[in-house]
Amino acid sequence: MTDAVMLFAAGFGTRMGRLTQDMPKPLVPVAGKPLIDHAMMMVRDAGMHHIVVNAHYKAEQVVDHFAGSDVQVIVENPTILDTGGGLKAALPLLKADVVFTMNTDAVWDGPNPLAVLHDAWRADMQALLLCVPLPRAIGRIGEGDFDLGDGRARWGSDAVYTGVQMIRTDLVSDTAEDVFSLRMIWESLVAGDRLNAITYPGKWCDVGHADGIFLAEQMLSHTDV
């Protein structure tokens, strides 16, 4: 099974407002440590050995954060490549047929999300998304992304995509574009009823916006939110 993971850290963090004027969103502190380190804690606990992080906005700070570690940082310059393009650029470093991808603007309260996906993966799958029911998606603004049933994901509103998935890399490498969203691949899989998804059993907090910091810290302290 794969031990390769791509962490997405190239966004501009505009929803964070003033907090990202001087630092990229992944380095904004949450509960005493940079947001991306919450994701890295899960990555280390899951035993990942090939770890790639992309960076674009204030990329030098992300590079400095991981200096001297085994984490490989790809700076997307001058163009930001979006999630699909970022993963495609990282494939030579990830060296795997199946990889994890993980957004870095969320915090978890429950089992390791990578381990949950790992245990559910089957050889016949193309992509497996980890979703959480809307009532357990702390800080989520708006509806969910998918409806889940029979192990499949279909566009809907009941469940939120947590930003963590497993995906076969040939789906990405075979895409002609160099700048594209992974949603494009999901749309093709949904059309063929081949996009798999499972439900995360714990809580998840969206820290893509400034209010999410307080909510995440409340969640982690097990204070009702």
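Which residue forms a salt bridge with Asp105, and how far apart are the closest N and O atoms? The partner is Lys25, at 3.1 Å. The views below show a predicted model: local features need pLDDT of at least 70, side-chain atom pairs count only at pLDDT 80 or more, and totals for chains, interfaces and linings use all residues. Residues are numbered from 1 along each chain as its sequence is written, and side-chain values use heavy atoms, with hydrogens and water left out.

**View 1. The salt bridge of Asp105 and Lys25.**
A salt bridge here is a side-chain nitrogen of Lys or Arg within 4 Å of a carboxyl oxygen of Asp or Glu. The closest N and O atoms of Asp105 and Lys25 are 3.1 Å apart. Asp105 lies in the loop between β6 (98–103) and β7 (106–109), and Lys25 in the loop between β1 and β2, so the pair ties together parts 80 residues apart in sequence. Helices (H or I, at least four residues) and strands (E, at least two) are DSSP runs, numbered from the N terminus. Both Asp105 and Lys25 are buried. Buried means under 20% relative accessible area, exposed over 50%, and partly exposed in between (1.4 Å probe, protein chains only).

**View 2. The salt bridge of Arg15 and Asp206.**
The model has eight salt bridges by this rule. In one of them, the side chains of Arg15 and Asp206 meet at 3.8 Å, N to O. Arg15 sits in the loop between β1 (4–8) and β2 (29–30), and Asp206 in strand β14 (residues 203–206), so the contact ties together parts 191 residues apart in sequence. Arg15 is partly exposed, at 48% relative accessible area. Asp206 is buried, at 8%.

**View 3. The salt bridge of Asp70 and Arg44.**
The closest N and O atoms of Asp70 and Arg44 are 2.7 Å apart. Asp70 is in the loop between α2 (59–65) and β5 (72–75), and Arg44 is in helix α1 (residues 35–45). The two are 26 residues apart, and the pair links distant parts of the chain. Asp70 is partly exposed, with 43% relative accessibility. Arg44 is also partly exposed, with a relative accessible area of 37%.

**View 4. The aromatic pair of Phe12 and Tyr57.**
Rings of Phe, Tyr and Trp (its six-membered ring) pair if their centres lie within 6.5 Å; planes under 30 degrees apart count as stacked, over 60 as edge-to-face and the rest as tilted. Phe12 and Tyr57 form a tilted one, with 5.9 Å centre to centre and 50 degrees between the planes. Phe12 lies in the loop between β1 and β2, and Tyr57 in the loop between β4 (50–55) and α2, so parts 45 residues apart in sequence are tied together. Phe12 is partly exposed, at 40% relative accessibility.

The ring centres of Phe146 and Trp186 are 6.1 Å apart and the planes lie at 65 degrees, so the pair is edge-to-face. Phe146 belongs to strand β10 (residues 146–149) and Trp186 to helix α6 (residues 182–191), 40 residues apart. Both Phe146 and Trp186 are buried. Phe146, Trp155, Tyr161 and Trp186 form one aromatic cluster. The charged end of Arg183 sits over the ring of Trp155, 4.1 Å from its centre. For this, NZ of Lys or CZ of Arg must be within 6 Å of the ring centre and within 35 degrees of the ring normal.

**View 5. The largest nonpolar core.**
A nonpolar core is a set of buried Ala, Val, Leu, Ile, Met, Phe, Trp, Tyr and Cys residues joined through side-chain atoms within 4.5 Å. The largest has 36 residues. Those with the most contacts inside it are Val5, Leu7, Val43, Ile51, Val53, Met102 and Trp108. Helix α1 gives the most to this core, with five residues. Apart from it lies another core, of 28 residues, including Leu91, Ala127, Phe146 and Leu189.

Ala127 is found in strand β8 (residues 127–133). It is buried, at 0% relative accessibility. Contact means heavy atoms within 4.5 Å. Beyond residues up to four places away in sequence, Ala127 touches Trp121, Gln165, Met166, Ile167, Leu189, Arg194, Leu195 and Asn196.
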